[in-house]
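Work through the exercises below with the sequence and the 3D structure at hand. Each task is followed by a solution in steps.

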Amino acid sequence: MTLDPALFTPFALWSAILLYGLCLLLALWHAPWRQLVRARITHVFFGASVALMVLWQMETQVQPGLSYHLLGLTAVTLMFGWCFAVLAASLALLGVTLNGANAWDGFALNALLSGVLPISLTLVLLILIRRYLPKQFFVYVLVNGFLTAGLVGTAMGYMAAWLLVGAGAYSMAELRESVLPFFPLMFLPEAMLNGWIMVILVAFRPHWVYSFSDIEYIKGK
């Protein structure tokens with residue numbers, strides 16, 4: 001989701017800048033750079049960032065001040081972890097903004113909504129799924145890949161609506177009549193995009209996926 005910064009107060013935008021700046025510093029500080037280089041997947045990381053940038057360029061306006069695009073971040077988070085996923089999303093949004101698709105004053109706000117929040121939610125769900133569900137290949141693909149991505153995409157739609165209501169741009173009644181009934185439709189395309197990416201990766205390039213292990217999910221099952 002992409003929000004128009006003109007709908008938000010300067011205080012809200014500065015708050016977003018501070019929060020996003022903190023998240024970005026945490027990602028830069030705690031990212032396992034040596035592990036990325038040692039695994040020889042730096043090209044995969046930058047390739048994923050470019051893929052996100054292209055994906056986020058393909059957005060459509062669902063309401064004045066609110067545009068929708070597929071996230072693709074569940075797959076990136078499962079591949080690289082929280083830190084590198086935040087960095088990849090930041091690079092993608094930077095490319096989109098440099099191309100003139102987004103306003104600079106809304107960079108932090110949209111980085112939180114389209115980057116940090118879905119990445120963090122994906123990580124939380126990954127931890128819960130690992131704890132309460134069996135570690136099996138189909139559980140990983142169907143639940144972590146398909147189901148999580150669909151839930152995250154839908155949740156970000158409702159989060160965007162909540163932010164617009166909180167900013168006073170729309171009332172909940174207006175959004176309930178116009179866009180809220182269609183947000184569940186975001187589930188399927190987001191789930192299919194991320195789910196099939198993870199199916200292909202764990203089948204042919206499992207060493208590109210930090211959250212997947214042949215020993216845990218396949219051998220002895």
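Predicted model: local features only at pLDDT ≥ 70, side-chain atom pairs only at ≥ 80, totals over all residues.

**Exercise 1. A loop residue**

Locate Asn102 and decide whether Asn102 is buried or exposed.

*Solution.* 
Step 1. Asn102 is in the loop between H5 and H6.
Step 2. The relative accessible area of Asn102 is 12%. The cut-off for buried is under 20%, so Asn102 is buried.
Step 3. Leaving aside neighbours within four places in sequence, the contacts of Asn102 are Thr2, Glu59, Leu93, Val96 and Thr97.

**Exercise 2. Helix H4**

How many residues of helix H4 (residues 73-80) are buried, and which helices do the buried residues pack against?

*Solution.* 
Step 1. Eight of the eight residues of H4 are buried. They are Leu73, Thr74, Ala75, Val76, Thr77, Leu78, Met79 and Phe80.
Step 2. These buried residues pack against helices H2 (33-38), H3 (42-57), H5 (82-98), H6 (107-132), H7 (137-166) and H9 (187-204).
Step 3. Go on to the residue just after H4: Gly81 takes a positive phi of about 90°.

**Exercise 3. Two helix pairs**

Compare the crossing of H4 and H9 with that of H1 and H6. What is the orientation within each pair?

*Solution.* 
Step 1. The axes of H4 and H9 come within 8 Å and cross at roughly 30°. Angles under 35 degrees count as roughly parallel, so H4 and H9 are roughly parallel to each other.
Step 2. On the H4 side, Leu73, Thr74, Ala75, Leu78 and Met79 meet Glu190, Asn194, Ile197, Met198 and Leu201 of H9. The residues of this contact divide into seven nonpolar, two polar and one charged.
Step 3. Helix H1 (residues 10-30) packs with H6 at an angle of about 55°, and their axes are 7 Å apart. H1 and H6 are therefore oblique to each other, and their crossing is left-handed.
Step 4. Leu13, Ala16, Ile17, Leu19, Tyr20 and Cys23 of H1 meet Phe107, Ala108, Leu109, Ala111, Leu112 and Val116 of H6. This contact has 12 nonpolar residues, no polar and no charged.

**Exercise 4. Asp214**

Where is Asp214 found, and which residues does Asp214 touch?

*Solution.* 
Step 1. Asp214 is in helix H10 (residues 214-217).
Step 2. With a relative accessible area of 34%, Asp214 is partly exposed.
Step 3. Not counting residues up to four places away in sequence, Asp214 touches Pro206 and Lys219.
Step 4. The C-alpha atoms of Asp214 and Phe137 are separated by 8.7 Å, and the two residues are 77 residues apart along the chain.

Methods
Residues numbered from 1 in each chain as written. Heavy atoms only, no water. Buried < 20%, exposed > 50% of the residue type's maximum accessible area, 1.4 Å probe, protein only. Helix = DSSP H or I, 4+ residues; strand = E, 2+ residues; numbered from the N terminus. Contact = heavy atoms within 4.5 Å. Axes fitted to C-alpha atoms, helices over the stretch in contact; angles between N-to-C directions. Parallel < 35°, antiparallel > 145°, perpendicular 65-115°, else oblique. Nonpolar A, V, L, I, M, F, W, Y, C, P; charged D, E, K, R; others polar. Left-handed = near helix turned anticlockwise from the far one by under 90°.
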